[in-house]
Amino acid sequence: MIGVLVADDDFHVAKIHTAYVERLPGFAVLGQAHSAAEILEAVGELHPDLVLLDLYLPDGNGLDVIRQLVDGAHRPDIVVITAARDVASVRTAMQLGAVHYLVKPFGFSALRERLVAYQGLRERLTTLDEAAHADQADVDALYGLLRGPAALPASLPKGHSAPTLERVRDAVRSAPDDVSAAEVATAVGISRPTAQRYLTYLAQHGVVHLRLRYGTTGRPEHRYSAAL
């Protein structure tokens, strides 16, 4: 479970972001903070894995908070969530190690994509920690996870529905392992041939990866996983 601290000077916004995070499996909100002082105190007490950090705080700037956290005993990962759009803030946040920068206002899907990408990054790092080394392909995969999922094609051929395509993609992305067309069909509530048609289209556009699983007899099974 990934422990999250929601930090925003606006109590209403903090409540909304908390509700967003609590909808995601694998995440738990440990608390909220509404000022720089509260953030530093909460990090010291709660030891969150991740802080959703606003830059506009009543007693300081969120970038200064990141600087203090970097030098602290417990250094959580940071996702900046702010109305600040100036390039200087974005550059500084990147230099300080923020894993994402999300500009307000945003909806649940935008935050979900960043957090799911972050979750995948943590899982991959844990696997590599156990291996004790990483080759170039591993490093490329890590940076791919940080960038988030591949985008859906802008236009669809006749007979394809954009909402269904998104649901099929999300079913693949949310699965703990690669999945078959039959499993996707069950998750989405469509027929297996329809799921297969959408999965084939997504694979052709690089949104999902196709892997063939060979058994002892018969045709290989088609298995799908989310593209990095």
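Predicted model: local features only at pLDDT ≥ 70, side-chain atom pairs only at ≥ 80, totals over all residues.
Thr164 counts as buried, because its relative accessibility is 15% and the cut-off for burial is under 20%.

Thr164 belongs to helix α7, which covers residues 162-174. Which residues does Thr164 touch, once neighbours within four places in sequence are left aside? The contacts are Ile190 and Tyr198.

**Helix α9**

Helix α9 itself runs over residues 192-204, a total of 13 residues. From first C-alpha to last, α9 reaches 18 Å, close to the 18 Å expected at 1.5 Å a residue. After α9 comes Gly206, with a positive phi near 75°.

**A contrast in helix α1**

Is Glu22 buried or exposed? Glu22 counts as exposed, because its relative accessibility is 54% and the cut-off for exposure is over 50%. This glutamate lies in helix α1, residues 11-22. Along the chain, Glu22 and Val4 are 18 residues apart, and their C-alpha atoms are separated by 9.7 Å.

Now for the strands. Strand β6 (residues 77-82) is largely enclosed by the rest of the structure, because 5 of its 6 residues are buried. Two of its pairings are set out below.

| Strand paired with β6 | Sense | Bridges | Residues standing opposite |
|---|---|---|---|
| β3 (residues 50-53) | parallel | 4 bridges | Leu52 (β3) and Val79 (β6) |
| β7 (residues 100-103) | parallel | 4 bridges | Ile81 (β6) and Leu102 (β7) |

**The chain as a whole**

Stepping back, the protein chain contains 9 helices and 9 strands. Of its 228 residues, 43% count as buried. The chain exposes about 12300 Å², with carbon and sulfur atoms supplying 53% of that area. How many of the contacts between residues at least 6 apart in sequence join residues at least 24 apart? The share is 59%.

Notes: Residues numbered from 1 in each chain as written. Heavy atoms only, no water. Helix = DSSP H or I, 4+ residues; strand = E, 2+ residues; numbered from the N terminus. Buried < 20%, exposed > 50% of the residue type's maximum accessible area, 1.4 Å probe, protein only. Contact = heavy atoms within 4.5 Å. Expected span 1.5 Å × (residues − 1). Areas by Shrake-Rupley, 256 points an atom, 1.4 Å probe, with all protein chains shown as cover. Pairing = 2+ DSSP bridges.
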